[in-house]
Amino acid sequence: MYAVADNKEFLVNTLKESLNWSESIVKSFSLDSLKGIYGHLLNRNPVYKAKVTNHKYKLSMVIPKKIREELGITYGDRFNIKLNLDKKELYIYITEEGKYKVNDRGIIYLPILLAEKKVIKDKDDVMITVNKNKLTLKSFSYLQ
């Protein structure tokens, strides 16, 4: 990557301004995580954040409105998920034959197994990157 991207202060300020996230959140990320997020922005991949909550046997997350509008996600759309345990990432693929469904308020319900496998932490913010019909989720706790 670029030599400028090795400067943590530069990355914190750039990401804080570009994403409108609080400085305390951005400062808590590791240098490698900051570089990764900066790389997404350089590649023009949108980056968002959302909140994951726990409901005993499932996790829920509201898909941000900008993502729903950008991808045309509406009530009843279906999706499948894949995990990458090494990177601690969750991939959501919007597809017609998906196992999971988006509800009328843009909420998706995910298996609690994701928290048990330590892919997504419950009651935590997640970073969402968009690449065509694929959403990549990474828990803020694993970016630190």
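Which residues does Thr129 touch, not counting residues up to four places away in sequence?

Modeller: This is a predicted model, in which local features need pLDDT of at least 70 and side-chain atom pairs count only at pLDDT 80 or more, while totals for chains, interfaces and linings use all residues. Residues are numbered from 1 along each chain as its sequence is written, and side-chain values use heavy atoms, with hydrogens and water left out.

Leaving aside residues up to four places away in sequence, Thr129 touches His40, Pro46, Val47, Lys134, Leu135 and Thr136; contact means heavy atoms within 4.5 Å. Thr129 belongs to strand β7, residues 124-131. Helices (H or I, at least four residues) and strands (E, at least two) are DSSP runs, numbered from the N terminus. Thr129 is buried because its relative accessible area is 5%; buried means under 20%, exposed over 50% and partly exposed in between, with a 1.4 Å probe and protein chains only.

Thr129 is also one of the residues nearest the centre of the largest pocket, together with His40, Glu89, Met127 and Thr136, within a lining of 17 residues. A pocket is an open set of points on a 1 Å grid over the protein atoms alone, where a 1.4 Å probe fits, with protein on both sides within 12 Å along at least five of seven lines; lining residues have an atom within 4 Å of a point. The volume of the largest pocket is about 260 Å³, a volume being the space filled by probe spheres set on the points, which are joined across faces, edges and corners. At least two lining residues come from each of α3 (31-42), β4 (89-94), β7 and β8 (134-139), and α3 gives the most, with five. By class, the lining holds five nonpolar, seven polar and five charged residues. Ala, Val, Leu, Ile, Met, Phe, Trp, Tyr, Cys and Pro count as nonpolar, Asp, Glu, Lys and Arg as charged, and the others, Gly among them, as polar.

Elements giving two or more residues to its lining are α1 (8-19), β1 (47-55) and α4 (65-71), with β1 giving the most, three residues. The lining comprises five nonpolar, two polar and three charged residues.
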